Amino acid sequence: MLFFSVNVYSQDSYQAIVLNPDLQSNANAIVRSSTIDVSIEARDKIVITEQRVVTVLNERGQRHVGAVVYYDQSKSIKTLEAVIFNAFGKEIKKFKKKDFIDVSVADGVSIFTDNRARYIDYTPVSYPYTVVFNLEVVSSNTAFIPQWFPIDDYYLSVEKASYKIQNQTDIPLDFKASNLEAFKIEKMSDYNYQANNLSAIKREAYSPSFYSVAPSVKFALKQFSMLGVEGDNNSWSDFGKWMSDKLIDGTQELPEIVKVEIKALTQNAKTDLEKAKIVYQFMQNKTRYISVQVGIGGWKPMLASDVDRLGYGDCKGLSNYTKALLDEVGVTSFYTIVYGGQDVRSIDASFSSLQGNHAILSIPDNNGYITLECTSQSTPFGYNANFTDDRDVLIVTPSGGEIVHTKVYSTNENSQVINSNIILDSLGGFKAKLNITSKGTQYDKYRRIEVQTEKENKLYYKDNFSDINNLQVNNMLFNNDKDNIVFKEDLDLQVDKYVTKAGDRWLMQPNFFNKFKTAPPRYKNRKLPFEIDRGFVDEDQYQITLPENVKVEALQDDVVIKNKFGEYHYSIKQTDDKNLVFKRKIIINKGQFSKEDYSAFRKFRLAIVKHDKSKIVLTTTN
């Protein structure tokens, strides 16, 4: 395959060559060259110049083009252009600044989302092709200095990349490098780094967060400015104090009518926790979240009085509004910055800087904190599983910032219990009534089930029990106990044919409903360690009634497997001539493991799949 080489200093000379095969392995795109130069010219002025040359190998590589700039009122764009070349180095399209599409990118949930973005809209006629992107911006926001990720995603290789900062002020500039040695990245000085021939990282099953394994360097000024508002950053305490004084203070005044209303609603509450639950329900009923970008770089929340008047806000506004309501009834709470997402990502406690992408609220409770997700109208009070659980966050107090850890949902908390009565008929079909009770991280399924239509939920269960052909869902009842954070599903199911017939013998899987159908993939040479972010427990018990013409010929022996990854228990017993009891319990432990452990983990999962699919032998008397 032919690709052209790029001279980043002169775009007039290109020639077709063959790329390094090592860079093509596992890559959907190749960064041919990335040069980022940062000049800190004053406490309130930073100039960033970037050239990025990317060869896109296939459709999946489109996401790696990176020809985009995010900006707000603190940032002016001096240079913005892109040029497209085909595989033989021929220029086929040029984008000037006016040709970039300009859109709003705020999503209402993320706290750190710039107001707008400019990007190119290009649909290639063939692959590979190459994009040369040039950018220069000037910003008055020195609170945020771009973090350097020489390789910034999976399936992306890098031929060469460099990053350099020139600090022309007398303000100390702090930095922290991570994972550089593993990628043989050269440190020219504290503020100058170079990388060459970085092979693409392949995403592997149960890989840790990309940010925890990728090379990176982050920077922060000890004194900074954001839209003319100056701050000190010698510690998280300093940074939190600045947020409290400059971003939060003066935004929480409520209308008098709301003060009277919320006090009346909570007047009979006996504890602060009761008051907080009433306030949270009041907020959920009154508001909804939408994207709002107000004030300092999108970080300052809108006024609590405006949220009350309009009935909406983003994560910052709604968290701040809820705090104002709690303050009014005497309940302490703290505005909190977090990295929200399914992957567990923490604020770096050892490096104070502008971090996080989401705002929540934290209420002190004994030795920990209750987390309130204020962007959801349906989330139970204090429930934060699968989005802001088990990570370091920054709480903002009037006296300063503090890093604390959010709730960790233990393995035993994350439970699903299935009880079922199953009646097998004389033709090999069955009718079943299922009761499913879910808690902890597994409770989270309510979000999907409660908003779907009846038709969508029937399709959901057919997909969930996909190994049962022609499954009919006759009835569904749901009970969402938000006070105790328990979700219950009652299902009435039937199927005309379930068993496999071989003459007068029937082969039947006694594990009807909750199987591990597949095991994690095999890797000849796994590169990354692996982790299980959240442990869980499943317990299943089925009462199986046989028809008159069917008897048991052979049952499976009990199975017990225990290791550091978890436990598996399986049993099938005959209680009388016509009844069987099947029991299954599986425990998957939370943990971080070496890449050498992966083979044993996969073997454990393969054993579970094997036993979950095992069959018993029945005979017919007809």
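Two strands pair if DSSP finds at least two bridges between them. Helices (H or I, at least four residues) and strands (E, at least two) are themselves DSSP runs, numbered from the N terminus.

## About the model

What you have here is a predicted model, in which local features need pLDDT of at least 70 and side-chain atom pairs count only at pLDDT 80 or more, while totals for chains, interfaces and linings use all residues. Residues are numbered from 1 along each chain as its sequence is written, and side-chain values use heavy atoms, with hydrogens and water left out.

Let's start with a sheet. Strands of a sheet pair through backbone hydrogen bonds, either parallel or antiparallel. Here, five strands line up as β22-β21-β20-β23-β24 in an open sheet with antiparallel pairing. At the edges are β22 (368-372) and β24 (400-405), each of which pairs on one side only. On average, and with direction ignored, neighbouring strands of this sheet are turned by 40° against each other (axes are lines fitted to C-alpha atoms, for helices over the stretch in contact, and angles run from 0 to 180 degrees between N-to-C directions).

Strand β23 (residues 392-397) is joined to β24 by six bridges in the antiparallel sense. Along this pairing, I395 stands opposite E402 in β24.

Buried means under 20% relative accessible area, exposed means over 50%, and partly exposed lies in between (1.4 Å probe, protein chains only).

## Backbone exceptions

Most residues other than glycine have a negative phi, and most peptide bonds are trans. With that in mind, look at the bond from Y127 to P128: this peptide bond is cis, with omega near -5°. P128 sits in the loop between β9 (116-119) and β10.

N26, in the loop between α1 (21-24) and β3 (29-42), has a positive phi of about 65°. Its relative accessibility is 37%, so N26 counts as partly exposed. N470 has a positive phi near 55° and is found in the loop between α9 (454-464) and β27 (472-481). Because its relative accessibility is 67%, N470 counts as exposed.

## Aromatic pairs and charges over rings

A pair of aromatic rings is described by the distance of the centres and the angle of the planes. Rings of Phe, Tyr and Trp (its six-membered ring) pair if their centres lie within 6.5 Å; planes under 30 degrees apart count as stacked, over 60 as edge-to-face and the rest as tilted. Searching the whole structure gives 42 aromatic pairs. In one of them, the ring centres of Y443 and F487 are 6.5 Å apart and the planes stand at 85°, so the pair is edge-to-face. This pair links distant parts of the chain, 44 residues apart: Y443 is in the loop between β26 (430-439) and α8 (446-451), and F487 is in strand β28 (residues 486-495). Both Y443 and F487 are buried. F565 and F601 also form an edge-to-face pair, 5.4 Å centre to centre with 65° between the planes. F565 lies in the loop between β34 (559-563) and β35 (566-576) and F601 in helix α10 (residues 598-612), so the pair ties together parts 36 residues apart in sequence. F565 is buried at 2% relative accessible area, and F601 is buried at 0%.

Ring pairs also build a cluster, whose members include F430, Y460, Y498 and Y570. Elsewhere, R345 lies over the face of Y339, at 3.9 Å from the ring centre, and the charged end of R526 sits over the ring of Y598, 4.3 Å from its centre. A charge sits over a ring if NZ of Lys or CZ of Arg is within 6 Å of the ring centre and within 35 degrees of the ring normal.
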